[in-house]
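Biologist: I have a structure open and want to learn how to read its features. Can we go through some together?

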Amino acid sequence: MSSTKAGQPERDPRSASIPTARTAVVGLGSTKVQKWHLERLAFVYVRQSSPQPVVEHRESRLRQYALVDYAVALGRPRDRVQVIDEDQGQSGRHAENRAGFQRLLAEVAIDHVGIVLGLEMSRLARSDKDWHHLLEVCGIFGTLVADQDGVYNAADPNDRLLLGLKGMISSVELQTMRNRLEKGKLSKASRGELFLDVPLGYVKTANGELALDPDEQVRSVVGLIFDKFDEMGSVYAVYRYLIGNNIRLGIRPHNGPHRGELEWRRACLPTLYRILHHPFFAGTYAYGRFQIDPKRQHEGRSRKAQKTMPIEQWKALLHGRVPAYIT
């Protein structure tokens, strides 16, 4: 049996997995923390890279939020410690879509922040550009940076070197993970088993294979599109025919609350172009038809970042691998 001293509450066993203020960050009581640092705000940056870890990796989330208690233990009132967690579920690869990271930079730049706390450097940024931008701003305004290993002064050459190495390791880790995932996808695609793009008229079965849509009317409309294109010779003529005869396309959304449910939608030219250009309809498995152009992506042209590749540069091309609508 467990016993407790008189007047002391029994310890909640659930708290055993939550880091205490003393163990959240090692060495934060460093002499680098000056009085004027304590007079400014402390910002705790919380981020996990995708929605799945946010839901499933509870321990990581608890450890990050526990940094608030440590900042309070340093002598700050709790209302002087702010948590930035609006980037939950966002990748650290780029800063453009991370409103929380942009807010953090802005707060440091207006001289409001004494210390930025993160469980590890990869939470703050996985891009060399974004990481060194943050270090530059912190160095100018004297803001300290702390992770689970210690506290650093970005204006100090030795600390700056160590922080630079930490950021470099974080960036390399991201590239390594992406390469590993891409090689796995290529291996599966080489066997004709990777189905990321399931076009209209097809469904993905429970065992991951591709099959013709079970709805006969959906299949009939797809066949009609190819027949009319063969007869009329242009996509726009087919489009006018479908609109004029009020023939709708059977769509099964890939995302959202109605995922997989059959919906009948008005025909549109982009959808018709995708049908008439997609190799699946001729029974040919293809992977790598499109690639992201880094130059366009860097320029912020997200809608035009994807470019069509010539057939000789496709990653996989297997004839007769999927059920066909045409020869």
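Biologist: Is D111 buried, partly exposed or exposed?

Modeller: Keep in mind that this is a predicted model. D111 has a relative accessible area of 35%. Buried means under 20% and exposed means over 50%, so D111 is partly exposed.

Biologist: Where is D111 found?

Modeller: D111 is in the loop between α6 (99-109) and β3 (113-117). Look at its backbone too. Phi of D111 is positive, about 65 degrees, although the residue is not a glycine.

Biologist: What is phi of N246 near?

Modeller: Phi of N246 is near 55 degrees, again a positive value in a residue other than glycine. N246 is found in the loop between α11 (235-244) and β8 (249-251). The relative accessibility of N246 is 57%, so N246 counts as exposed.

Biologist: Now the rings. How is a pair of aromatic rings described?

Modeller: Two values describe such a pair: the distance of the centres and the angle of the planes.

Biologist: How many aromatic pairs does the count come to?

Modeller: The count comes to ten aromatic pairs. Take Y202 and F281. Their ring centres are 5.3 Å apart and their planes are at 65 degrees, so this pair is edge-to-face. The cut-off for that class is over 60 degrees.

Biologist: Which parts of the chain does that pair link?

Modeller: Distant ones. Y202 is in strand β6 (residues 202-204), while F281 is in the loop between α12 (269-277) and β10 (285-287). The two residues are 79 residues apart.

Biologist: Are Y202 and F281 buried or exposed?

Modeller: Y202 has 3% relative accessibility, so it counts as buried. F281 has a relative accessible area of 1%, and F281 is buried as well.

Biologist: What kind of aromatic pair do F226 and F281 form?

Modeller: A tilted one: 5.6 Å centre to centre, with 50 degrees between the planes. F226 lies in helix α10 (residues 216-232) and F281 in the loop between α12 and β10, so the pair ties together parts 55 residues apart in sequence. F226 counts as buried, at 10% relative accessibility.

Biologist: Which residues do ring pairs link into a cluster?

Modeller: The cluster holds F195, Y202, F226, F280, F281, Y285 and Y325, linked by ring pairs.

Biologist: And charges over rings: where does the charged end of K228 sit?

Modeller: The charged end of K228 sits over the ring of Y241, 4.4 Å from the ring's centre. Then find R98. R98 lies over the face of F101, at 4.5 Å from the ring centre.

How values were computed. Residues are numbered from 1 along each chain as its sequence is written. This is a predicted model: local features need pLDDT of at least 70, side-chain atom pairs count only at pLDDT 80 or more; totals for chains, interfaces and linings use all residues. Side-chain values use heavy atoms; hydrogens and water are left out. Rings of Phe, Tyr and Trp (its six-membered ring) pair if their centres lie within 6.5 Å; planes under 30 degrees apart count as stacked, over 60 as edge-to-face and the rest as tilted. Helices (H or I, at least four residues) and strands (E, at least two) are DSSP runs, numbered from the N terminus. Buried means under 20% relative accessible area, exposed over 50%, partly exposed in between (1.4 Å probe, protein chains only). A charge sits over a ring if NZ of Lys or CZ of Arg is within 6 Å of the ring centre and within 35 degrees of the ring normal.
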